[in-house]
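Look at the sequence and the model below.

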Amino acid sequence: MRHFWVVGTDTDVGKTMVTTMLMCHLQRQGLQVIPYKPVQTGEVYENGHGYYHDTAMYEKHSLQKLQKEHINSYSLKEAASPHYAAKLEGQSIDVKELLQQIQFLQDAYDIVICEGAGGLFVPFTAPNGTTLLDVIVSSKLPVVLVTRTSLGTINHTLLTMEALRARQIDILGIVFNGDTGSSIEQDNIQTILQYYPIPYAIIPQLKDKSQLMDYAMTHTTLFERLFHYESSIN
């Protein structure tokens, strides 16, 4: 069975939301699906309780029971780049351990959706060390790219696509997240697709995350690509 990453052009671009949506839609196809966040940062405190947004969202919406030890390797309190958040806690991120975990999960589940942290060049180890992009290359898995629809997205998206292509990473499709329907956004989307005519999905701006599961991603060319991709592997 093949697996893939969900990566973004930047932080807070919607990677976790897209990972969760794809997890649920693929679970509905009868597949055993596990989301995996190698490194998450930024512990949230509410009512005296600490939690991490990304893995909490997986657990809240999953249609299958998720094992906590399978969905994350490093949870670091400071909302910062992984290498710095780890340094603040006197830790270092073991990239070899992350790759071993990804391989273990691939053997245990039909589909593993690995979610990146920040953008492609976010360092996992000390400055000038291993980046998220290096980990993706070593995993030999393809990616789904998540980007914004707003002003500035053309440059960010094309730079990210170029970096992926330069490392010969297969791009399964792109998700345009947060569309409000403005003419600028529609032109942004069409311009990017003219450069890279690949499968895609457009997610409208949601008023709250409770609307997450109402969006029918299954009718997009991206989901068709993913589902046929997974089916062809079987």
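**Strands and helices**

V146 has V175 as its bridge partner in β8. Strand β7 (residues 143-148) and strand β8 (residues 171-179) run parallel and are joined by 6 bridges; strands count as paired if DSSP finds at least two bridges between them. Strands (E, at least two residues) and helices (H or I, at least four) are DSSP runs, numbered from the N terminus. This is a predicted model, in which local features need pLDDT of at least 70 and side-chain atom pairs count only at pLDDT 80 or more, while totals for chains, interfaces and linings use all residues. Residues are numbered from 1 along each chain as its sequence is written, and side-chain values use heavy atoms, leaving out hydrogens and water.

The open sheet has 7 strands in the order β5-β2-β6-β1-β7-β8-β9, with parallel pairing. β5 and β9 (200-204) stand at the edges with a single partner strand each, so one side of each has no neighbour in the sheet.

Within the sheet, β6 is joined to β1 (residues 4-8) by 3 bridges and to β2 by 4 bridges. C114 in β6 is the bridge partner of W5, and V112 in β6 is that of I34.

In helix α2 (residues 53-61), D54, T55, M57, Y58 and H61 are buried. Seen down the axis of α2, these residues fall within an arc of 155 degrees (taken from the directions from the axis to the C-beta atoms), so they line one face of the helix.

How values were computed: Buried < 20%, exposed > 50% of the residue type's maximum accessible area, 1.4 Å probe, protein only.
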